[in-house]
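Come along and check each entry with me.

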Amino acid sequence: MKKLNISVSPHIRSAVSTSGIMLDVIIAMLPALVASIWLFGFRALYITAVCVLSCILGELIFELITKRDLTITDLSAVVTGMLLAFNLPVDIPEWQAIVGSLIAIVVVKQLFGGIGYNFVNPALAARVAMLLSFQSTLSSYVPPRSAEAVDLNSFATPLVHLSKGEMSELPTLSQMLVGERAGSLGETCAIALIIGFVYLLVRRVITWHIPVIYVGTVFGLYLIIGGDLNAAVYQVLSGGLLLGAIFMATDYVTSPPTAWGKVIFALGCGLITFAIRYWGTYPEGVSFSILFMNILTPYISKLTAHKPFGAVKEAA
């Protein structure tokens, strides 16, 4: 006779694990990593390795000191390191990359309780902290395939040209798609990022809501207010919009879990990104917009939460 075991909820079990999800995200980022090596040379791989190793060691040492359970095998530190590297220029000094990695892992993630408890995306928070601390480094970029000449060449990104109305200085759209432009390691090759997006959709790691609505909002606002289709397309392909929309705005911990919550979150990201790029002093607004909406995520989640059948609303 079989025994009937009764336990508290949840009763649904799944084979999906944190490490499995993170592995899928890593696989989705590999095309962008390969593209960055092709565009900027093997220093791109070196900087990525520095960030990943710094994140892993930072998490390991912190958890050993605080006597917490070790979590480096869940691969979340690897994802954070890769995302941070993708947001950095290829010629960044190694020590600055290490500082940024420790800010992401120790300050933003571990001090708030570890994975699942950070209220903002660790890689983006570290990137903003580095932008404020090392502004000259984070605002200087080398052209593709010129990593060995980092002391001789520094080129403006397409967003800078767009903000100044220098349309003649922009790369062609085909160059924008393959990444033949100045920018951070993982943001330049749009095709590689879109391949990663498709992979995540097929694997059902993310849904279409946040990336499509976020990018569509920025595109639509520039098309309506700017009235220039060509400029609107360049805004989508420039900066870290695709990178942020696909890999960082979709973070499970810092984005709403419901479909309508994702819609509101993505619309907010798009509006803030447009406002910063169009009216602000910074040519890029992706990092700030996602971080701001990360802070609002608990309120959006509460507003759009599904009510259990038969639940009675509590009196005020």
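Is Y278 buried, exposed or partly exposed? I looked it up: Y278 is partly exposed, with a relative accessible area of 36%. Here buried means under 20% relative accessible area, exposed over 50%, and partly exposed in between (1.4 Å probe, protein chains only).

Before going on, I noted that this is a predicted model, where local features need pLDDT of at least 70, side-chain atom pairs count only at pLDDT 80 or more, and totals for chains, interfaces and linings use all residues. Residues are numbered from 1 along each chain as its sequence is written, and side-chain values use heavy atoms, leaving out hydrogens and water.

**Rings.** I searched the whole structure and found seven aromatic pairs. Rings of Phe, Tyr and Trp (its six-membered ring) pair if their centres lie within 6.5 Å; planes under 30 degrees apart count as stacked, over 60 as edge-to-face and the rest as tilted. W95 and F134 have ring centres 5.3 Å apart and planes at 80 degrees, so they are edge-to-face. W95 is exposed at 51% relative accessible area, whereas F134 is buried at 14%.

I then checked Y278 and W279: their ring centres are 5.1 Å apart and their planes at 90 degrees, so this pair is edge-to-face. W279 is exposed, at 60% relative accessibility. Ring pairs join Y278 and W279 with Y222 and F274 in a cluster.

**Contacts.** I also looked up F247. Leaving aside residues up to four places away in sequence, F247 touches V25, A28, M29, L83, L193, G196 and L200, where contact means heavy atoms within 4.5 Å.
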